[in-house]
Amino acid sequence: MSVVQSVTETLNLFLPLLLTSVVVIALLWLAHILLIKRHKTDGNEKLFPRQLAMLILTVVGIIAIALSLPVSDSTRNQVIGLIGLVISGVFAFSSSTLFSNIMAGTMLRVTMPFRTGDFIQVSDFFGRVVERGLLDTEIQTENRELVSLPNTFLVNHPICVTRSSGCIVSTTLSLGYDVHNADVETLLLQAATNIELSDPFVQILELGNYAITYKVSGMLTEVKSLLTARSSLRRQVVNVLHDAGVEIMSPSFMNQRKIADDGKVLPAKRATRSSTPETVVEDVVFDKAEQAAQREDSKDQLLIKITACEEKLKTADSDHKTQIQNQLKMLQDQLKVIDQTISE
């Protein structure tokens with residue numbers, strides 16, 4: 001056999017592998033540009049399905065290259081089995097690796113324990129959800145910091161989610177036994193009513209050696225103002241009790257001054273309250289989380305309207321079809337604008 005024939009046979013033998021490799025690499029490169037590179041300014045929330053699709057395409061490409069190897073069928077099956085074994089091993093022993101976060105992120109998408117914009121408490125971390133990514137979830141804390149929590153951390157720890165339908169706002173304080181509990185409960189209920197908490201109630205938590213511990217609570221329907229409501233409730237409790245001449249003993253007083261037996265330590269009563277408008281805490285602290293929540297809510301509403309228009313278009317007559325098509329196009333354009341919004 002001549003050298004030319006030998007080279008030709010070798011090329012023919014490896015030609016399918018070569019062509020398959022070139023096609024797979026080209027398709028993966030094109031997919032990377034279309035799915036990832038063109039949308040690299042988008043947040044993790046939007047990149048999640050694209051990243052997942054890219055991962056699946058990569059695995060399929062590796063299998064396609066394995067199928068084109070110039071080996072016997074039994075050897076090819078062994079290679080495919082080895083690839084499957086490696087992939088299984090990676091997923092099995094990836095408790096703290098990249099793939100474990102991917103699996104945890106997929107599980108969070110399926111179970112949906114929280115949405116963008118929700119308040120969550122995980123271990124020592126509290127804040128509003130900004131983005132849910134393939135590898136981690138980003139929250140905005142009370143200090144306006146952005147914290148990325150690995151998805152495995154969320155899966156392995158209990159998640160406390162503040163429901164969008166409302167939550168309980170409460171505060172505790174201690175008062176002496178010289179004040180009747182019925183009077184205290186009336187004043188605390190008044191404080192909760194002043195900040196428009198619905199269904200307020202008071203509990204006695206503890207009968208201490210020197211004071212009674214009370215807890216006043218109420219339902220807050222607008223959860224976006226959670227921080228403001230907590231602060232307002234504490235402020236109202238102090239104002240209402242001081243205006244009624246009740247001395248707060250939380251936790252206790254220790255001083256070296258001589259006062260009369262019936263003396264009380266109270267600030268001077270103010271004739272009027274300050275009329276200076278207060279800054280809404282949530283507007284400053286959770287700005288990015290609020291923007292993300294508004295975008296997601298707007299997108300959900302647009303998808304519902306688009307679906308309704310498509311259903312109407314199927315049964316509409318020729319007179320109304322053009323009007324519905326124009327309305328559908330306008331809604332689709334609005335959806336594109338939301339999808340193209342860059343997370344700040």
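Me: In this predicted model, is G84 buried, partly exposed or exposed?
Reply: G84 is found in helix 3, which covers residues 73–92, and its relative accessibility is 31%. Buried would require under 20% and exposed over 50%, so a residue with the value of G84 counts as partly exposed.

Me: How far apart in space are G84 and I63, C-alpha to C-alpha?
Reply: In sequence, G84 and I63 are separated by 21 residues. In space, the distance between G84 and I63, taken from C-alpha to C-alpha, is 9.1 Å.

Me: What share of the residues in the protein chain is buried?
Reply: The protein chain holds 10 helices and 8 strands, and its residues number 344. Of the contacts in the chain with a separation of 6 or more, 63% join residues 24 or more positions apart. Buried residues make up a share of 31%.

Me: How do helix 6 and helix 7 lie to each other, parallel, antiparallel, perpendicular or oblique?
Reply: Helix 6 (residues 181–194) packs on helix 7 (residues 226–243) with the axes 8 Å apart and at an angle of about 135°. Because an angle over 145 degrees would be needed for roughly antiparallel, and 65 to 115 for roughly perpendicular, the arrangement of helix 6 to helix 7 is oblique.

Me: How many residues in the contact of helix 6 with helix 7 are nonpolar?
Reply: Helix 6 passes helix 7 in a right-handed crossing, and the contact is made by L187, L188, Q190, A191, A192 and N194 of helix 6 together with L233, Q236, V237, V240 and L241 of helix 7. Among the residues of this contact there are no charged ones and 3 polar ones, while the number of nonpolar residues is 8.

Me: What span should helix 7 have at 1.5 Å a residue?
Reply: Helix 7 has 18 residues, and among those that are buried are L226, L227, A229 and S232.

Me: Is T171 buried or exposed?
Reply: T171 lies in strand 6, which covers residues 167–175. Leaving aside neighbours within four places in sequence, T171 is in contact with Y214, K215, V216, L233, R234 and V237. Its relative accessible area is 13%, and since the limit for burial is under 20%, T171 is buried.

Me: What is the relative accessible area of E196?
Reply: The place of E196 is in the loop between helix 6 and strand 7 (198–207), and its phi is positive, near 65°, in a residue other than glycine. E196 is exposed, a class that calls for over 50%, because its relative accessible area is 71%.

Note on methods: Residues numbered from 1 in each chain as written. Predicted model: local features only at pLDDT ≥ 70, side-chain atom pairs only at ≥ 80, totals over all residues. Heavy atoms only, no water. Axes fitted to C-alpha atoms, helices over the stretch in contact; angles between N-to-C directions. Helix = DSSP H or I, 4+ residues; strand = E, 2+ residues; numbered from the N terminus. Parallel < 35°, antiparallel > 145°, perpendicular 65-115°, else oblique. Left-handed = near helix turned anticlockwise from the far one by under 90°. Contact = heavy atoms within 4.5 Å. Nonpolar A, V, L, I, M, F, W, Y, C, P; charged D, E, K, R; others polar. Buried < 20%, exposed > 50% of the residue type's maximum accessible area, 1.4 Å probe, protein only. Expected span 1.5 Å × (residues − 1).
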